[in-house]
Amino acid sequence: MPTVRRSRPLPAPSAPSVCPRRASSRRLRLAVVVVVVPVFLAAVGCGDGGGVEVPAPEPDAEAAGVCRTLADALPPEVEGRERREVEPSSPYTAAWGDPAIVLRCGVPDPAVLDPLDPAYDPFADALAVNDVSWLIEPGANGDGYRFTTTERTVRVEVTVPSAYAPETGVLVDLAGAVAGAVPLDPLWEGHTDHG
């Protein structure tokens, strides 16, 4: 009769639990989820930092349509900075970079452009960038500038922090979208000098 010899002792029987290979694959899946979720959330943020709080204007129906057209035409980057989420989400606002370059479409006339306002100034500083004319005003707390379109049917406001000096470079990146989406005011049609 043949004899069977064991060269090594048999391992002790394991308790009927989770297979070690499956347990390690569960740990691996959990580790992947723990790493992937933060990366995904960071990617969803659309660039630098999280959402930027921007008060949304309340344009009338005609201006709202123009602003939605502008929203679709805005570039994904301005001054080499990626677009960011805006809170609350609105088709009338956009932001890029950190500190945020902020665009608001459908804003009311600035006081210096309103003939009924005591601050009205028909000689206020303005400049034209690629056929788009902008009123120039100091930014909040003296940080950078606030530019507001003139000679257009809808006012578009762009706030540029001094970190992007010279701040007018932002207007170069936005001029094509604004010129293509926001019609020239009929009072200004035919004028060659938009400065």
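## Basis

The model is predicted: local features need pLDDT of at least 70, side-chain atom pairs count only at pLDDT 80 or more, and totals for chains, interfaces and linings use all residues. Residues are numbered from 1 along each chain as its sequence is written, and side-chain values use heavy atoms, without hydrogens and water.

## Overall make-up

The chain has three helices and 10 strands (DSSP runs numbered from the N terminus; helices are H or I, at least four residues, and strands E, at least two). Their order is α-β-α-β-β-β-β-β-β-β-β-β-α.

Of 195 residues, 34% are buried (under 20% relative accessible area, 1.4 Å probe, protein chains only). Take contacts (heavy atoms within 4.5 Å) between residues at least 6 apart in sequence: 56% join residues at least 24 apart.

## Helices α2 and α3

Helix α2 (residues 61–73) packs on helix α3 (residues 169–181) at about 145 degrees, with axes 9 Å apart. Axes are lines fitted to C-alpha atoms over the stretch in contact; angles run from 0 to 180 degrees between N-to-C directions.

Val66, Thr69, Leu70 and Ala73 of α2 meet Ala177, Val178 and Ala181 of α3. By class, six of these residues are nonpolar, one is polar and none is charged (nonpolar: Ala, Val, Leu, Ile, Met, Phe, Trp, Tyr, Cys and Pro; charged: Asp, Glu, Lys and Arg; polar: the others, Gly among them).

## Threonine 93

Threonine 93 lies in strand β5 (residues 93–96). Leaving out residues up to four places away in sequence, threonine 93 touches Val54, Pro55, Ala56, Pro57, Arg83, Val86, Pro88, Leu103 and Arg104.

Technical notes
Buried < 20%, exposed > 50% of the residue type's maximum accessible area, 1.4 Å probe, protein only.
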